[in-house]
Amino acid sequence: MNNLLKGKKGIIFGALNDKSIAWKVALKCHEQGAEFVLTNAPIAMRMGEINNLAAICNNAQIIPCDVSKNEDMENLITKSMEILGGKIDFILHSVGMSLNIRKGRSYTDLDYKFSHETYDISSMSLHRLLQTCYKMDAINDWGSVVALTYIAAQRVFPDYNEMADAKALLESIARSFGYHYGKRNKVRINTISQSPTATTAGSGVKGFGDFFDYAGALSPLGNASSEACADYCALMFSDLSRMVTMQNLFHDGGFSNTGFSYDVFKLMENKNS
Ligand SMILES: NC(=O)c1ccc[n+]([C@@H]2O[C@H](COP(=O)([O-])OP(=O)(O)OC[C@H]3O[C@@H](n4cnc5c(N)ncnc54)[C@H](O)[C@@H]3O)[C@@H](O)[C@H]2O)c1
């Protein structure tokens, strides 16, 4: 522990179970001296696992929030400031849900009602969060907001479905709001584009195991784990990254810049034999 986040107060969205990236981020932020509120959709709370995380993290308070509801978001921000005794220094947006994937609809056969819901939960929620904080002046100057994204926003992964469009919108919102919040309060907003990771959301994508192996074989450093992602988030919440904003930051072991690797051939041979 080197107290990188000592004195900082935050909100962490999206810890569903101990596989969740947000779970690992919460543990890391706790280890680094931060104090924070945990939040998730009311329906996710019923599984109860978040209580175990809260207990480990100095009995962190848990506030339910469906990110697609304005009133939930306002309640979350108001209560978080009450609990933490002031404005917020960092926020992790670790929320994603594809209704079309869940219902087995392909990209060429989207149900647009499902798509609306996907965009609302997975992308517009970042705008809703930032706009709520902006209007309530809820984030301290030089605060840092990180949202998790995936490279399907830039390159085609056919079974990632409408989530690819959702992530493109998410990254755009981070840039656009990053400008306005940066100008007014020096608040930093970035997305971290994480390697495929075996979580509830990740494993829900068709063929996850195959593209997890493929990405690992292509990346010179291999796939980035959720623990490594948590380290990167902690760095982004700290003052050590204070001039970084409006960026999409690849945290993928080099995958995004690699065109070819013999390890991919070996993998294919093994899969075909
Ligand atoms: N797992 C991967 O391969 C991978 C790769 C890159 C980026 N990501 C992104 O990381 C983030 C976290 O996902 P994860 O992989 O840890 O999976 P996860 O399933 O553990 O987390 C997703 C979270 O979103 C929450 N959520 C869904 N609908 C919600 C709503 N209406 N209101 C509030 N919360 C809601 C879920 O309850 C859950 O906690 C997501 O944005 C995901 O797209 C994941």
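Trainee: Which element gives the largest share of the shell around the ligand?
Mentor: That is H8, with three residues. Keep in mind that this is a predicted model.

Trainee: How many residues surround the ligand, and which are the closest?
Mentor: The count is 26 residues. The closest are Ser20, Gly96, Thr199, Ala201 and Gly202. Two or more shell residues come from each of helix H1 (21-31), strand E5 (139-149) and helix H8 (200-203).

Trainee: What is the shell made of, by class?
Mentor: It has 13 nonpolar residues, 12 polar and one charged.

Trainee: Let's zoom out. How many helices and strands are there?
Mentor: The protein has 11 helices and seven strands.

Trainee: What radius of gyration does the protein have, and what would a compact globule have?
Mentor: The protein has 18 Å. A compact globule of 273 residues would be near 19 Å, so the two agree. The C-alpha atoms fill a box of roughly 60 × 45 × 40 Å along the principal axes.

Trainee: What percentage of the residues is buried?
Mentor: Buried residues make up 44% of the 273.

Trainee: And what share of the contacts joins residues at least 24 apart?
Mentor: That share is 75%, among contacts between residues at least 6 apart in sequence.

Trainee: Now H7. What should its 23 residues span?
Mentor: Helix H7 covers residues 163-185 and should span 33 Å, at 1.5 Å a residue. Its end C-alpha atoms are 31 Å apart, which agrees.

Trainee: Where is the kink in H7 centred?
Mentor: On Gly178, with a bend of about 25°. Gly178 is also one of the buried residues of H7. Others include Met163, Lys167, Glu171, Phe177 and Tyr181.

Trainee: What covers those buried residues of H7?
Mentor: The cover includes helix H5 (99-102), helix H6 (112-136), E5, strand E6 (188-194) and strand E7 (248-251).

Trainee: What comes just after H7?
Mentor: Lys186, which takes a positive phi of about 60°.

Trainee: On to H6. Where is its kink centred?
Mentor: On Met124, and the kink is about 55°.

Trainee: Which residues of H6 are buried?
Mentor: Among them are Thr118, Tyr119, Ser122, Ser123 and Ser125. Leu126, Leu129, Leu130 and Cys133 are buried too.

Trainee: What do they pack against?
Mentor: The buried residues of H6 pack against helix H4 (70-84), strand E4 (88-93), H5, E5, H7 and E6. Just after H6, Asp137 takes a positive phi of about 45°.

Trainee: Which loop holds Asn161?
Mentor: The loop between E5 and H7. Asn161 has a positive phi of about 60° although it is not a glycine.

Trainee: Is Asn161 buried or exposed?
Mentor: Buried, because it has 25 C-beta neighbours inside 10 Å, and the cut-off for buried is 20 or more.

Trainee: What about Met246: where is its place?
Mentor: In the loop between H10 and E7. Met246 also has a positive phi, about 65°. Met246 is partly exposed, with 17 other C-beta atoms within 10 Å.

Trainee: Switching to Pro196. Where does it lie?
Mentor: In the loop between E6 and H8. With 24 C-beta neighbours inside 10 Å, Pro196 counts as buried.

Trainee: What does Pro196 touch?
Mentor: Leaving out residues up to four places away in sequence, Pro196 touches Gly202, Phe208, Phe211, Phe212, Ala215 and Asn223. Gly202 is also one of the closest residues to the ligand.

Trainee: And Gly204, where is its place?
Mentor: In the loop between H8 and helix H9 (208-218). Gly204 is partly exposed, with 14 other C-beta atoms within 10 Å.

Trainee: Last one. Which helix does Tyr232 lie in?
Mentor: Helix H10, residues 226-237. Tyr232 is partly exposed, with 18 other C-beta atoms within 10 Å.

Trainee: What is Tyr232 in contact with?
Mentor: Ile192 and His251, leaving aside neighbours within four places in sequence. The C-alpha atoms of Tyr232 and Asn3 are separated by 15 Å, and the two are 229 residues apart along the chain.

Terms used: Residues are numbered from 1 along each chain as its sequence is written. This is a predicted model: local features need pLDDT of at least 70, side-chain atom pairs count only at pLDDT 80 or more; totals for chains, interfaces and linings use all residues. Helices (H or I, at least four residues) and strands (E, at least two) are DSSP runs, numbered from the N terminus. The radius of gyration is taken over C-alpha atoms; the globule rule is 2.2 Å times the number of residues to the power 0.38. A residue is buried if 20 or more other C-beta atoms lie within 10 Å of its own, exposed if 12 or fewer, and partly exposed in between; C-beta atoms are placed from the backbone. Two residues are in contact if their C-beta atoms, placed from the backbone, lie within 7 Å. A residue is near a molecule or strand if its C-beta atom, placed from the backbone, lies within 6 Å of it. Ala, Val, Leu, Ile, Met, Phe, Trp, Tyr, Cys and Pro count as nonpolar, Asp, Glu, Lys and Arg as charged, and the others, Gly among them, as polar. The expected span of a helix is 1.5 Å times one less than its number of residues. The bend at a residue is the angle between axes fitted to the seven residues ending there and the seven starting there.
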